Amino acid sequence: MIKNITAMPCFYLMALLAVLMAACSPVPFNKVEIKTDNLIAGKSIGLLNCRYRLLAVNDTRPDGSRAGGLGLNKLSFAEPADYVKAQLYKAGMLPANASDGRNVVVDIKHVYLNQNNVTKIPTVVYEVQINESDKFIIRGQIASMNWNASANEAYDAFADAFQSANAQLITKLNKSCVN
């Protein structure tokens, strides 16, 4: 009888350890490659009021294609430079071989998505130089509710962050136009 009494706490201890081990086991993540073809451009970023030539859009992110995560989705974003170029060309930016216009170089410094329980925060950071002037920073960062942490939510969040950064850049360039 005494053996059974001491065996019971061991049984409960073993059951507790099994539950803890199951709770601490790794959860598989989904790897999601963000493709620019699937980013839906929302609002207009505006139009340039004077002539600028886009010499380059360089991807200089220190983390490579890593772009954070959302829920169980581990995100990577391999080619944002072409997307940024396309958006800036739509706003009236001229190609590098244009005969005139002020030169613009855009370095993409960060593209990532952070989250907490209720909010997702996509962030896009550019370092921009016009002609040989000092470089300046543009940060597109639009916080929104984290509904179900899906890959589609990540796409929408990145589209909003790029839209914000590109609109800020067009506004800043327009302020430099000489009428």
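How many aromatic pairs does the structure hold?

Author: This is a predicted model, in which local features need pLDDT of at least 70 and side-chain atom pairs count only at pLDDT 80 or more, while totals for chains, interfaces and linings use all residues. Residues are numbered from 1 along each chain as its sequence is written, and side-chain values use heavy atoms, with hydrogens and water left out.

The structure holds 3 aromatic pairs (rings of Phe, Tyr or Trp, the last by its six-membered ring, with centres within 6.5 Å; planes under 30 degrees apart are stacked, over 60 edge-to-face, the rest tilted). One of them joins F77 and F158: the ring centres are 5.5 Å apart and the planes stand at 85°, so this pair is edge-to-face. F77 belongs to strand β4 (residues 73–77) and F158 to helix α3 (residues 151–175), so the pair ties together parts that are 81 residues apart in sequence. Helices (H or I, at least four residues) and strands (E, at least two) are DSSP runs, numbered from the N terminus.

Buried means under 20% relative accessible area, exposed over 50%, and partly exposed in between, with a 1.4 Å probe and protein chains only.

F77 has another partner. Its ring centre is 5.6 Å from that of F162 and the planes are at 55°, so this pair is tilted. Here too the chain is linked across a distance, from F77 in strand β4 to F162 in helix α3, 85 residues apart. Both F77 and F162 are buried.

Another ring, F136, has a charge over it: K172 lies over its face, at 4.7 Å from the ring centre (NZ of Lys or CZ of Arg within 6 Å of the centre and within 35 degrees of the ring normal).

Next come the salt bridges, meaning a side-chain nitrogen of Lys or Arg within 4 Å of a carboxyl oxygen of Asp or Glu. The count comes to 5. In one of these, R51 meets D100, with the closest N and O atoms 2.8 Å apart. R51 sits in the loop between β1 (30–34) and β2 (52–59), and D100 in the loop between β5 (94–95) and β6 (102–115); 49 residues separate them. R51 is partly exposed at 43%, as is D100 at 35%.

D59 and R61 form another bridge, at 2.7 Å between the closest N and O atoms. D59 is partly exposed at 35%, whereas R61 is buried at 9%. E127 and K135 meet at 3.8 Å, N to O, and K135 is partly exposed at 48%. K109, E127 and K135 are linked in a network of salt bridges.

Last, the surface. L13, M14, L16 and L17 make a nonpolar patch of about 400 Å². L17, one of these, lies in helix α1 (residues 2–23) and is partly exposed at 42%. Patch residues have over 30% relative accessible area and no salt bridge, with nonpolar side chains (Val, Leu, Ile, Met, Phe, Trp, Tyr) joined within 5 Å and like charges within 9 Å. The areas come from the Shrake-Rupley method with a 1.4 Å probe; for residues, only the protein chains shown count as cover.
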